Amino acid sequence: MAIKTSSFRSKYRAATDFMVTGLAITATILVVVPLVAIFVYLLLKGASSLNLDFFLKNPVPEGESGGGMANAIVGSGVLLGIASLIGVPIGIGAGIYLAEFGRGTKLANAVRFTADTLNGVPSIVMGLAAYSLIVIPQQHFSALSGGVALGIMMIPTVARTTEEMLLMVPNMIREAALGLGLSNWRSVLSISVKTASPGIITGCMLAFARVAGETAPLIFTALGNAFWSVNPDREIEALPLQIWVYATGPYEDQHRLAWAGALVLIVLIVLAVSLVRYVTSRGVLKGAS
Amino acid sequence: MGVGIEVTNLNAWYGSNHTLQDINLKIPANHATALIGPSGCGKSTFVRCLNRMHETNPIARVTGTVRIGDMDIYNDAQPVEIRRRVGMVFQRPNPFPTMSIYDNVASGLKLNGYKNKRSLDEIVERSLKNSALWDEVKDDLRSKSGASLSGGQQQRLCIARALAVDPEVLLMDEPASALDPVSTSKIEDLIFQLKSQYTIVIVTHNMQQAARVAEETGFFLNGRMVEFASTHKIFTNPSDKRTEDYITGRFG
Amino acid sequence: MTRIRFQQSLDQLKENLLVMAGLAEQAIQRAIEAYRVRDLSICDLVSRSEVAINRLERDIDQEALDLLAMEQPMAIDLRFILSVIKINADLERVGDSAKSISERVRSMEQMPAVSELPVDIPRMATLSAEMVRKSLQSFIDADPELARTVLMMDDAVDTMNRAAYKTLTKLMEEQSHIAPQALNALMICRALERVADHATNIAEDVIFWIEGSDVRHHKSVMAQRQSAEATG
């Protein structure tokens, strides 16, 4: 009697095990498949339109064929550069404050709440805010206003990730630093931040990847520019913006360029993130736990 | 050379918790002094009052005087200064994980702006020799990270790091409790050698260790110091019954 | 209270030592009785108990050694175990002295009887036995004051022994035909004096155990005075 029961139970357990493993694998596939599908689809649709001209030439007037998105690629670069200059320092600074200096204070709670709220603000509203604050007083559109909008969108992600990563630095490391007679800020910068830097950098990359594809904030700020321009004080073109304009336009040529642009956008983001990963991982010592 | 420590009427609070009550004692220079007592008796808090580390907790408060040498550490100096004269080694080894062995040892100096490369090399070598780790790591100083060593080696690395700053006092909070017996013996031998140059205060749960290593021992109970005498006396014929009950294992 | 097992082990060690003490005390009582009534069968009893005493000495030492190694005793526990080891050795010697006395009695029986020798062996015996009893009682009661009274009794026994030595050696010179008996008597006195010394040691060990003070090798007041007289 007892033998039979236990054999049934172990069979039941094995079956449950198999089922749950199956579910987990299915879930993984369901997540990966769309990503792969998108990428493959982009590849199919856009790769054919990729040529040297795409990367070197500016757009041609509507109706004509040929041309490229050189100015958009560079423009995105300028915008993301401005955004990073704003988002990364402020975000990391806020994160350091939240984790190291302001723990438990009312100000810290307020900052955290503000960051979370900011994160939830729709990107178009962000664009409108930059429009009112920068474009209207200046009375013209500019790359600067676009960069500012994107930069502010980066702040919450960078700040919260920095805070999380710093909180993960074991307290005994901090104590070791203080015990050596290092001042508080020195201990924070040289020890805590340095220890948490891989995670902090990941946070910056996440924020970067997110805003790299944002289109809505750029509509009323950077506006777009058919010609080559890297001047922060003037309108500037951006890849997502250009893709949107072409994709919603009537011309078949432009549609093809849009597909190519989307492919290039994703690839560039992946490349940028990988490059940063590679460069920073060279600095991490062998055998560190 | 080490200096003596004189504690007068030391009281400490964490918030409303009166953790240390009326502590008075004199710790002799160039001796190792052990502090024993059951969990929660205040010995770790006491030691952290000696280098003002307890202040890192915002609800901590202290009254009374602590003189290290001729310096009143609460009134004559800032915590950062004190901590350069009074080094600390913690219960769990805590080398900086992002730094090499060399950088770990040099961190107390480098991060304080010390730049002289040649003397840094000398100081690192001397500190590692003083903590009996030099022979084991001298070929991997810059290539291995501090965290890649074994537990016992990590602890000796932390000792070297503390020594590099050239303190006069070394505080050790249960330095060997996370280590195996062989590493523990090495640390104890080390303490014996270090005594000639530093004043050492060691908190320990292991009474045999206190007996092996320290000339004087203080017994803490419920925030008070019950008895402070030569280690020999404490372990063969203590004056206070509470001390005797603790060391014979009848309670605690 | 923690370490209950350890406390039980200590109690057990004390019990075993008291068994040993009982045997040793009984041996010395019997030896003295054998002298008093010249009964050889009692001498046999003493010789046989010697075996048990020696075995017990080994067992107690082993037990004490185990406790030292395994339990890391401190302070009063450490002093207690140390005292037990030393008292153990002293009790074994008391047993030896008892055997020695019973042997003297045996050899005296084989010699022609002699009218009373000018030594008060019974009184010495009573005193020595009393010292043993009191020192053991001080151990049982953990009473250092009682132990101190034993220390003071040692002087009396020493004096009696020295006097016996003087009179017996003089007797041996003057009446050489009874020299063997006198010599036996002298050796009995010496054995009794050694018993008193062992009792003193036991008392000193009890004081060390309870108070942690080492009171060994105290010079008797009389000895000091005597040596002063001799030189002065």
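This is a predicted model: local features need pLDDT of at least 70, side-chain atom pairs count only at pLDDT 80 or more; totals for chains, interfaces and linings use all residues.
**View 1. The mixed sheet of chain B.** Chain B also has an open sheet of 6 strands with mixed pairing, in the order β6-β7-β8-β3-β9-β10. Here β6 (86-89) and β10 (224-230) of chain B are the edge strands, pairing on one side only. On average, and with direction ignored, neighbouring strands of the sheet are turned by 20° against each other. Helix α1 (residues 43-50) of chain B packs on the sheet. The strands touched by α1(B) are β3 (32-36), β6, β7 (169-173), β8 (199-203) and β9 of chain B. The direction of α1(B) makes about 150° with that of β8(B).

**View 2. The strand pair β9-β10 of chain B.** Strand β9 of chain B, residues 216-221, pairs with β10(B) in the antiparallel sense, over 6 bridges. Within this pair, F219(B) has E227(B) of β10(B) as its bridge partner.

**View 3. The contact between chains A and B.** Of the 2 pairs of chains that touch, A and B have the most contacts. On one side are 19 residues of chain A, and on the other 24 residues of chain B. By residue class, the side of chain A that touches chain B holds 9 nonpolar, 7 polar and 3 charged residues.

**View 4. The contact between chains B and C.** Chain C gives 11 residues to this contact and chain B gives 12. The side of chain C that touches chain B is made up of 5 nonpolar, 3 polar and 3 charged residues. Chain C does not touch chain A, and the nearest C-alpha atoms of these two chains are 33 Å apart.

**View 5. The helix pair α2-α3 of chain C.** Helix α2 (residues 40-71) and helix α3 (residues 75-109) of chain C have axes that come within 9 Å and cross at roughly 165°. Angles over 145 degrees count as roughly antiparallel, so α2(C) is roughly antiparallel to α3(C). The crossing in which α2(C) passes α3(C) is left-handed. The contact of α2(C) with α3(C) involves 13 nonpolar, 5 polar and 7 charged residues.

**View 6. The fold of chain A.** Chain A contains 11 helices and 0 strands. The C-alpha trace of chain A spans about 80 × 60 × 35 Å along its principal axes. Its radius of gyration is 24 Å, whereas a compact globule of 289 residues would have one near 19 Å.

Conventions:
Residues are numbered from 1 along each chain as its sequence is written. Chains are lettered from A and ligands numbered from 1 in the order in which they are written. Two strands pair if DSSP finds at least two bridges between them. Helices (H or I, at least four residues) and strands (E, at least two) are DSSP runs, numbered from the N terminus. Axes are lines fitted to C-alpha atoms, for helices over the stretch in contact, and angles run from 0 to 180 degrees between N-to-C directions. Two residues are in contact if their C-beta atoms, placed from the backbone, lie within 7 Å. Ala, Val, Leu, Ile, Met, Phe, Trp, Tyr, Cys and Pro count as nonpolar, Asp, Glu, Lys and Arg as charged, and the others, Gly among them, as polar. Angles under 35 degrees count as roughly parallel, over 145 as roughly antiparallel, 65 to 115 as roughly perpendicular and the rest as oblique. A crossing is left-handed if the near helix is turned anticlockwise from the far one by less than a right angle, and right-handed if clockwise. The radius of gyration is taken over C-alpha atoms; the globule rule is 2.2 Å times the number of residues to the power 0.38.
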